[in-house]
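Okay, everyone, thanks for coming. Let me put the model up, and then we'll walk through a few spots in it.

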Amino acid sequence: MAFKEYGSYDAVGLAGLVRSKELSARELLDEAIARTAKIDPQINAVVVKHYDYAERQIESGLPDGPFTGVPFLLKDLDLLQGTRTTFGASIYKDDIADHTGTLAQRFLDAGLTIFGKSASPEFGLMPTTEPRLFGPTRNPWNLARSSGGSSGGAGAAVAARIVPVAHASDGGGSIRIPASASGVFGLKPTRARNPSGPDRGEGWAGFSCGHVLSISVRDSAVMLDALSGPELSSPYRAPPAKWPFAEEIKRDPGCLRIAFTDKSPYGDAIDPEVAAAVRDVALLLSKLGHHVEERAPPLAADPAAVMSTIVAANTALNVRFAEQRFRREMTDNDFERLTLASAHNARNATSTDYVAAQLSAFKISRALAEFFTTCDVFLAPTLCTPPLRIGELDTMSRDLSHIPPILRRYMPGTAMFNMSGQPAMSVPLAWNAAGLPLGMMFAARLGDEATLFRLAAQLEQERPWKAKLPPICA
């Protein structure tokens with residue numbers, strides 16, 4: 001297969017070539033490794049390489065799954081036994097996992113060959129991927145820009161066609177943000193749709209969940225069929241899906257009631273090209289027969305304040321685990337200053353503050369649930385500005401006060417759907433005049449990924465994006 005043909009296939013398509021014996025899993029792995037060698041020095045997306053692991057998978061025989069033989073990247077926050085996971089932190093730069101996470105095992109069971117790990121900011125804390133340990137991951141559309149975060153390595157690798165699909169996770173927008181910044185498709189599933197174990201029952205108070213970034217809608221749907229379902233230790237379960245998600249993408253979405261806004265949930269002005277793109281997509285939806293109305297859910301509490309408290313507490317626990325393991329106090333030689341500052345803030349808070357943050361998250365969830373009794377889907381910009389410039393968020397600065405105002409301008413609308421647990425997706429439907437991707441975010445009711453997949457498939461057909469490649473692929 002010629003070099004360019006690999007990038008024109010999605011993961012389901014590549015698996016079909018392996019199944020029909022037109023190509024072997026080894027040939028696909030060799031192509032992914034060759035692309036990593038050629039492209040990754042420019043974008044720095046694949047930060048841990050374990051080609052030997054994938055080779056051993058193939059040699060020992062791959063399971064018969066929907067993605068058998070397709071090369072794949074795990075995010076550098078998840079565990080795969082016998083391979084290195086750093087969490088983007090200097091203190092863990094040589095850490096070897098002694099077991100495999102439940103989600104990673106399901107990727108293996110689906111037949112994927114996991115040849116490396118994609119970059120993440122330290123502990124997945126930032127919406128840009130610039131860990132001190134590895135340096136910044138660059139956007140394939142513009143190397144001076146970020147590919148987003150925290151799944152920025154996955155976004156860049158998929159956009160650059162190193163792989164057609166890659167693992168990602170989302171605790172405050174970390175699937176949707178890199179999907180938008182990198183010009184790929186990303187769906188955050190309903191809370192508890194995919195497992196978080198075996199080491200924890202939930203992440204970030206239930207805000208976080210894992211799935212993938214992909215070139216195509218069908219890859220995301222087929223992957224969700226392969227990954228979803230509780231494990232023995234799951235503390236709660238997502239509402240059951242009526243049909244396989246792979247079947248939902250073949251169904252017409254019907255006439256949906258779609259609310260939209262081209263504004264920040266805080267009422268702040270947003271980038272004019274982003275606002276214009278939202279209105280253009282709203283017009284497209286109307287032409288497709290949907291009932292489109294301009295209105296937005298009320299903001300019952302400040303999502304940023306909730307995230308700050310919940311994430312700080314989880315970060316403090318991660319720092320405590322490191323101190324217990326290494327039997328010393330952590331310094332900025334071990335963790336970035338942002339991580340240590342977040343942990344410090346948590347230590348100065350109280351358990352009452354944590355419960356108050358949980359209550360605020362519930363208020364946000366309740367307001368969203370009420371809003372969605374009057375609509376099927378809500379459309380808003382995934383990001384309110386184009387992708388950030390590399391270095392704009394400095395996590396090693398002695399003064400971190402520049403970060404909250406940037407986050408408020410950049411990604412004010414993603415975290416509320418982590419708090420409510422609702423499914424939400426970023427769809428690559430627009431690019432600005434400078435050639436930077438502008439993703440559109442769609443959210444649906446709890447448990448209703450089906451509606452999002454049907455709508456995404458319709459939009460993919462109406463405004464296809466797969467053939468649109470970043471300059472780095474030229």
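Phenylalanine 115 is buried, because its relative accessible area is 0%, and buried means under 20%, exposed over 50%, partly exposed in between, with a 1.4 Å probe and protein chains only. Quick housekeeping: this is a predicted model, where local features need pLDDT of at least 70, side-chain atom pairs count only at pLDDT 80 or more, and totals for chains, interfaces and linings use all residues. Residues are numbered from 1 along each chain as its sequence is written, and side-chain values use heavy atoms, with hydrogens and water left out.

Now, rings. The structure holds 12 aromatic pairs; rings of Phe, Tyr and Trp (its six-membered ring) pair if their centres lie within 6.5 Å, and planes under 30 degrees apart count as stacked, over 60 as edge-to-face and the rest as tilted. One of them joins tyrosine 51 and phenylalanine 115, tilted, with 6.1 Å centre to centre and 40° between the planes. That pair links distant parts of the chain, 64 residues apart: tyrosine 51 is in helix H4 (residues 51-60) and phenylalanine 115 in strand S3 (residues 113-118). Helices (H or I, at least four residues) and strands (E, at least two) are DSSP runs, numbered from the N terminus. Tyrosine 51 has 21% relative accessibility, so it counts as partly exposed.

Phenylalanine 87 and phenylalanine 123 make another tilted pair, at 6.2 Å centre to centre and 40° between the planes. Here phenylalanine 87 comes from the loop between S2 and H5, and phenylalanine 123 from the loop between S3 and strand S4 (138-139), 36 residues apart. Phenylalanine 123 is buried because its relative accessible area is 12%. Ring pairs also tie Phe87, Tyr92, Phe123, Phe326 and Phe335 into a cluster.

What about serine 90, buried or exposed? Serine 90 counts as buried, because its relative accessibility is 18%. You'll find serine 90 in the loop between strand S2 (71-75) and helix H5 (102-109). Setting aside neighbours within four places in sequence, serine 90 is in contact (heavy atoms within 4.5 Å) with Glu122, Arg132, Leu133, Asn333 and Asp334.

Last stop, charges over rings, meaning NZ of Lys or CZ of Arg within 6 Å of the ring centre and within 35 degrees of the ring normal. Arginine 408 lies over the face of tyrosine 266, 4.1 Å from the ring centre. Lysine 468 does likewise over tryptophan 431, at 4.9 Å from the ring centre.
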